[in-house]
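Reader: Please take me through this model and say on what grounds each term is applied.

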Amino acid sequence: MKKGMSFCLWLFLLACGSQATAQTAYYGGKTIRIVVGYPAGSAHDLWARLIAPQLTKHVPGNPNTVVQVMPGAGSMTATNYIYGVSKPDGLTLGVNNAALYFAQLLKQKEVQYDWAKFAWVGSTTPSSPLLYMWADTPYKTIHDVRAAAVPPKCGATGTGNTGYFLPRLLEETIGTKFQIVTGYQGGADIEIAVERGEVQCRAFTIQVFYGREPFHTWRSKNQVRVLVYGGKKRDPRIPDTPLLTELLDQYKTTDLHRRLVAVMLGSGEFGAAPMFAAPGTPPELTKILRAGYAKALTSPELIAEAKKQKLEPGLIHGDEIELLAKEVLNQPPEVIALMKKIMGE
């Protein structure tokens, strides 16, 4: 019995050793390119640059990593590139906007990807949306926006992201009115536009609002206020601002519209910076990348650096995102119809 057990153990260790050698051999001497769908300095770019050197440490073979920005259409340009141009060899990864599945649900002609077919590697920090307003405006609360004769202008990069759909969702569910100005290349351009007075508001995530400049400075000088935010529980940093769920109760929103809110705000479950590879990436490479990503995001070095930049790391496993990607595409016609209305389809 002991000899049999020893032989089985030897075979197991041999198999493990062979697998580890194969993993190291594949990535050894290679370079992983991370394509970010937003400009340099954006939250997505910051996360990619935090994670990249940790992938070098934690992917077997210690591949080099480089980050390339490919902004355009709220990260759709980069997403289409990963899906249709990059090779499924585990050497090109993307980081994009978590709400791009909206465009697929709405069958927008620009979409050249199938959200459920990407090889999802992982993400960080489930996110909740908020809408801020420049303080030097007459819109002191979301109720002021609802009653305003002249709607405020909100900046957005495109139609497939929080900056566009949260104001429209508020219009549909609680009766506010906004003018949405699209076409900005990235968040930094919108922030400049806010300071210049070209637009007065922007919707994005709580994590970004509390994670970087110019928002630290704006908050310290009381130049900006949050009018509404999403999420399942109150954030202690904004105790006097209503949750969207509270507003839905206050304005007696219908069950169908509540389901619409759940689907659209569910994009936050994909996290602040989802990372993925091309469809058809071999399962064994996807497994290696997921394991490396998990180790990277939970490494003490990344956590320490993230805290310096006031970012909040929180691992979302690639297999969780894979399941979620399939779930969000399974929507009834009534919800799709409302989404089309909100997105101007």
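Author: In the largest nonpolar core, which has 59 residues, Trp115, Leu131, Ile142, Leu170, Met264, Phe270 and Met339 touch the most other members. Helix α6 (residues 162-174) gives the largest share of this core, six residues. The model is predicted: local features need pLDDT of at least 70 and side-chain atom pairs 80 or more, while totals for chains, interfaces and linings use all residues. Residues are numbered from 1 along each chain as its sequence is written, and side-chain values use heavy atoms, without hydrogens and water.

Reader: What makes a set of residues a nonpolar core?

Author: Its members are buried Ala, Val, Leu, Ile, Met, Phe, Trp, Tyr and Cys residues joined through side-chain atoms within 4.5 Å; buried means under 20% relative accessible area, with a 1.4 Å probe and protein chains only. Another core, of 30 residues, lies apart and includes Tyr27, Val67, Val95 and Tyr293.

Reader: Why are β7 and β9 said to stand at the edges of the sheet?

Author: The open sheet of five strands has the order β7-β6-β8-β5-β9, with mixed pairing. Strands are DSSP runs of E, at least two residues, and helices runs of H or I, at least four; two strands pair if DSSP finds at least two bridges between them. β7 (179-181) and β9 (224-229) each have a single partner strand, so one side of each is left without a neighbour in the sheet.

Conventions: Buried means under 20% relative accessible area, exposed over 50%, partly exposed in between (1.4 Å probe, protein chains only).
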